[in-house]
Amino acid sequence: MNTHSRSKILSTFLFFTFFTFSANPNIPSEKAKRQNDTGQPRNIILMIGDGMGLTQITSAMYSKKDKLNLERFFTIGLIKTHSSDNLITDSAAGATAFSTGQKSFNGAIGVDENKKSVSTILEIAEKNNRATGLVAVCSITHATPASFIAHQDSRSKDENIALDFLATDIDVFIGGGRKFFENRSDGKNLVQLLESKNYTVLNGIENVADRKIEKLACFTALEHPMKMSEGRGDLLGRSAMTAISILNKKNTGFFLMIEGSQIDWGGHAKDAGYVIAEALDFDETIGKVLDWAEKDGKTLVIVTADHETGGMAITGGKFPDQKIENSFIYGNHTAALVPVFAYGPGAENFSGIYQNTDIFYKMLSSFGFSK
Ligand code: MG
Ligand code: ZN
C-alpha cells in the first residue's frame, strides 16, 4: 500500500468518525453551524446586560432549573473593558466603545477622549437607510442607550441627551425618562416635538397593541421602570419584541440595541436577588429574540456586557437545589473580562479575546458599512 492510498483510507475513516460523533448533542448541530455561516446579516441586534459578568450569569443559571437561553449560543468571546482614562470603565465609556469604536473617558456619551462627537453605529445604520431602535429598562437617556444616539461630555446631562434624540431619525425607542422630554428646565416640550416629527408617543408598552405605527416613542416610566421584584413583569421582553416587529416591517434591515439595564444596579446594591432576577429577565428576553432570529435567518444577535459589577462571587450553595450563596467585593464595577455571545450570519467574527471597541468594528463590517 503506498502512502497515498493509506492516507485515503485514513481520511475515509476520519470522515465516518466525524459523522458518527456529530450525533453527540454536545457538538453544535449542523443547523446551528449553518446559522453561524459567514455572510452579511440584514439585521443586527446588540443586547447589553449592564454589569453582567460571568458570576452574574452563573448565579442566574444555577438559580434556574432549566438551561439559560445563553446556552443556545455556540460562538463565545471575551472583551477587555477598560476606558481611555480608567482601568475600571463606567457604563457611559463602555457603551460609547460599543457604539463608536472609541475608547473614551468615564462619563462620555458618544464623544471621544477629546470630547469630540463621534458617529455611532445607530447613526451610521440610519445614514445607510436602515431602521434603528433602542430598548432599555432604565431611562432611555441613561448612559447605555444614550451612548448610541447622543453626544455629550457627561452622562448626567439627561435633558441634553433627550434633545439629541430629536436630532436623529431613530424609528423606535422604548424606555423610561419621560420627564426629561416633558418637564424640562428649558421649558421645551419634546413630546410635542416628537409628535410633530411623526412619532406616535405612548405611555406604557400595553398601549402599543393594534396601532399602525410609523415611528414609536414609548415611555415606560417617568424616570426608571421598576425592578423585577417590584412587579415589572415581562416589560423588557415585550418592549424588545414590539421594537423588532415595528423595525422589521420597514423591510430595510435594522439595528437595534436592547439593554438589561438593572443587573448592574443589583451589583451596586450588593443584592444577589436583585442581580439574579434582572439577569433571568434579560435571559428570557434573549430567548424571545433568538426564537425570532432563528426564524428570520438573516439576523446577527450579539449579547455582551459593558463590565462586571460588584466583584460578585459564588461562595456556597446547594446543587441541584437552586440555592446559591453570593458575596460582593464592593459596590462598584470591576475590570474583569466580560463575555460576548454571537448568533447568526457573521457570528464567527465574535470569538476570541479582544477590545470592547472591536464590537463596533465587527458590527460595521458585518453590515458592510464604512465609517
Ligand atoms: Mg446601563
Ligand atoms: Zn454601574
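Visitor: Which is Glu 259, buried or exposed?
Guide: In this predicted model, the relative accessible area of Glu 259 is 1%. Buried means under 20%, exposed over 50% and partly exposed in between, using a 1.4 Å probe and protein chains only. So the word for Glu 259 is buried.

Visitor: Which residues coordinate the magnesium ion (ligand 1)?
Guide: Residues are numbered from 1 along each chain as its sequence is written, while chains are lettered from A and ligands numbered from 1 in the order in which they are written. As the model is predicted, local features need pLDDT of at least 70 and side-chain atom pairs pLDDT 80 or more, while totals for chains, interfaces and linings use all residues; side-chain values use heavy atoms, without hydrogens and water. Donors are N, O and S atoms within 2.8 Å of the metal (3.2 Å for Na, K and Ca), and sites may look incomplete because water is not among the atoms. At 2.0 to 2.2 Å, the ion is held by OD of Asp 50, OG1 of Thr 144 and OE of Glu 259.

Visitor: What is the relative accessible area of Thr 144?
Guide: Thr 144 is one of the residues that coordinate the magnesium ion, through OG1. Thr 144 is also buried, and its relative accessible area is 1%.

Visitor: How far apart in space are Cys 218 and Val 172, C-alpha to C-alpha?
Guide: Cys 218 belongs to strand β6 (residues 215–219) and is buried, at 0% relative accessibility. Its contacts (heavy atoms within 4.5 Å), leaving out residues up to four places away in sequence, include Phe 173, Ile 174 and Leu 202. Along the sequence, Cys 218 and Val 172 are separated by 46 residues, but from C-alpha to C-alpha the distance is 7.9 Å.

Visitor: How many residues of β10 lie in the lining of the second largest pocket?
Guide: A pocket is an open set of points on a 1 Å grid over the protein atoms alone, where a 1.4 Å probe fits, with protein on both sides within 12 Å along at least five of seven lines; lining residues have an atom within 4 Å of a point. Among the 17 residues that line the second largest pocket, Met 61, Tyr 62, Lys 64, Phe 319 and Pro 320 lie nearest its centre. The elements giving two or more residues to this lining are α3 (54–63), β10 (313–318) and β11 (323–327). The largest share comes from β10, and that share is four residues.

Visitor: How many salt bridges are found in the whole structure?
Guide: A salt bridge is a side-chain nitrogen of Lys or Arg within 4 Å of a carboxyl oxygen of Asp or Glu. Arg 72, Asp 291 and Glu 294 are linked in a network of them, and Lys 318 pairs with Asp 321 at 3.5 Å, N to O. Searching the whole structure gives a total of 14.

Visitor: In the salt bridge of Arg 155 and Asp 90, what is the distance from N to O?
Guide: Arg 155 is partly exposed at 28% relative accessibility, whereas Asp 90 is buried at 10%. Their side chains meet with an N to O distance of 2.9 Å.

Visitor: How far apart are the closest N and O atoms of Asp 169 and Lys 197?
Guide: Asp 169 is partly exposed at 44%, and Lys 197 is partly exposed at 24%. These two residues form a salt bridge in which the closest N and O atoms are separated by 4.0 Å.

Visitor: Which residue follows α13?
Guide: Helix α13 (residues 357–367) is mostly covered, with eight of its 11 residues buried. Among them are Ile 359, Phe 360 and Leu 364. After α13 comes a residue with a positive phi, near 80°, and that residue is Gly 368.
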